[in-house]
Amino acid sequence: MGKLSGEIQKKIIFWGSVLGLMGILALLIAVARYNFMSADDYSYVINSVDDWRTNHSVLNVLSRQFGYAYNYYFTWQGTFAAEWLGSSLMVMICEDYYWLGTVIMLVAMVASEGLLLMLIGMKGLGGDFYSSGIVTCWCIALQIMMVQYPAEAFFWLCGSMLYTLGFSLAALLYAFVFLYISNLRKEGRRKKVADILLQIGIILLSAIIGLGNYVSAIFILSSYILLMLWIWIGEKLLKLPPRSSKCRWVLSADALFFLIAFLFNVLAPGNRLRMANAGSEGVPVFKALVMSIYEAAKYLCINVHFPIVIIMIIMVPFMVRILEARKFRYPLPALFSLITFGLFASQFFPTMYTIGIPGAGRILNLYRFTTYLWLFGNELYWIGYVLRRIREAQEVSVDFVSKKKSFLLPICMMEVAVLAFGFIFWGGMTLTPVSAYYALRSGQAAQYRQEYEERLDIILNSTDEDIYLEPFSAPPYLLSFADIKEDPNSWENRDMAEYYGKKTIRLKAK
């Protein structure tokens, strides 16, 4: 391996990382082909599914689901835009193409985060394509492999449309704002057209996210607050080159628009009704803030374990390569970590304020996604700080990659072998690609789908109003979520019975 230059070895590692990420996606999409509706899915689509079967009119679905989301805003919660668009898409794919929802979740996540992380690595920090791509692939792969509740993240559409897709759209909004700021240095007609298109994208995404899940919305709002503090106060305090007045006012208008959308969400009449129905009076604001900080710190401590540490070590030479391109100062790294931790902790506030706990599985998934972003971002910043100190002390550069004789590839291969061993103990069958492979290889996924088809045959072809179904024998870890119960009055049973036009549907007693 030493005969291969560092640059060649880096390219090999890049393409290996890309293939690894594609392999993970392929396994998850393959197992998704055996998936089907469950739980809230039925209630989300029942309003329009008959019309879609008859007319296949997208406009009709959007119109009907607008009414559904409008009623939802006044009776349950304020996530209007996400409910409207997400449920409309579900109507169109729920029966014949339910697996496409998983494809949408994964592609949206890879595309939006890939764009954002590559922009930060190349355009923001000046890194090369391959080093930036390696860090990007590993971060996204880690998020997908180690997601806490994969069924709710990628396979149960009712939850994933609102939360996982909301997270991906938030990453895309970050990318658009980043592009708008970086585009300010350019001039000419093309710049004006790009600025207009970016602003249209920012406004549309702000409306969807602001009226979407509260975790992503509060994260974006907190980010906008930090951005406003930076462009109006921080740059002046550090005596940096002044930003154009137009830039400041446009970004401020974007922040204000997002705030308005978010307030429409928070002040929805349905929020108060939902809390009243749940018997929750909420938690005082200051107490909720303290609880959010505590839970966020605890979450980070629990989720930074051996495989994560190995991955952070693997990333060091590539992050060094990225950071060597531009000699930024990276001042006050402890303050940077503290501020970004506050941003991370802000996600916990909505559920701590309303119900006093971190939240359901689909919400915990978002914490897991942003945990790895926080770790990678802080590692980059601290490495940048250390490199600056080394340069100032010794006037030398640090380069693990471009030397003619390099052992980067064999070292990474040994680290990956240690990582694979670590994953056996800190993940095992809960790793999404491992679980997907097992479900496919053992026939578990196929059996799950066959048993569903048998259930469906009974429901559609029986003249009985009260339907009894066999429990699934071995539901796959990735696909199974909230099956019906023996009690016909359970909400899962009621929604399914209403969808199929039956009086009751229940499981047979064991």
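The sulfur of C158 lies 12 Å from the closest cysteine sulfur, that of C94, which is too far for a bond. This is a predicted model, and a search of the whole structure finds zero disulfides.

**Cysteines**
- A disulfide requires two cysteine sulfur atoms within 2.5 Å, and the 12 Å between the sulfurs of C158 and C94 is therefore too far for a bond.
- C158 counts as buried, at 7% relative accessibility.
- C247 is also buried, with a relative accessible area of 0%.

**D41 and its contacts**
- D41 is part of helix α2 and is buried, its relative accessible area being 0%.
- Leaving aside residues up to four places away in sequence, D41 touches M90, Y98, W156, L157 and C158.
- From its side chain, D41 reaches the backbone nitrogen of C158 at 3.0 Å.
- The C-alpha atoms of D41 and W156 are 8.0 Å apart in space, while 115 residues separate the two in sequence.

**Second largest pocket**
- The second largest pocket holds about 1400 Å³ of space.
- Its lining comprises 41 residues, of which W76, Q77, Y214, N271 and R274 are the closest to the pocket centre.
- Elements giving two or more residues to this lining are the helices α2 (41-45), α4 (58-75), α9 (157-162), α12 (214-237), α13 (245-266), α14 (269-277), α18 (349-354) and α19 (361-394).
- Sorted by class, the residues lining the second largest pocket are 26 nonpolar, 11 polar and four charged.
- Helix α2, one of the elements that give two or more residues to the lining, is also the helix in which D41 lies.

**Positive phi outside glycine**
- L332 is not a glycine, yet has a positive phi of about 45 degrees.
- L332 sits in the loop that runs between α16 (306-323) and α17 (333-346), and this residue is exposed, with a relative accessible area of 57%.
- A482, likewise a residue other than glycine, has a positive phi near 50 degrees.
- The loop between β1 (466-469) and α23 (491-500) contains A482, which is partly exposed at a relative accessible area of 24%.

How values were computed: Residues are numbered from 1 along each chain as its sequence is written. This is a predicted model: local features need pLDDT of at least 70, side-chain atom pairs count only at pLDDT 80 or more; totals for chains, interfaces and linings use all residues. Side-chain values use heavy atoms; hydrogens and water are left out. On a 1 Å grid over the protein atoms alone, a cavity is a set of points where a 1.4 Å probe fits but cannot get out, and a pocket is an open set with protein on both sides within 12 Å along at least five of seven lines; lining residues have an atom within 4 Å of a point. Grid points are joined across faces, edges and corners, and a volume is the space filled by probe spheres set on the points. Helices (H or I, at least four residues) and strands (E, at least two) are DSSP runs, numbered from the N terminus. Ala, Val, Leu, Ile, Met, Phe, Trp, Tyr, Cys and Pro count as nonpolar, Asp, Glu, Lys and Arg as charged, and the others, Gly among them, as polar. Buried means under 20% relative accessible area, exposed over 50%, partly exposed in between (1.4 Å probe, protein chains only). Contact means heavy atoms within 4.5 Å. A polar contact is a pair of N or O atoms within 3.5 Å; within protein, one must be able to donate a hydrogen and the other to accept it, and residues adjacent in sequence count only if both atoms are side-chain atoms.
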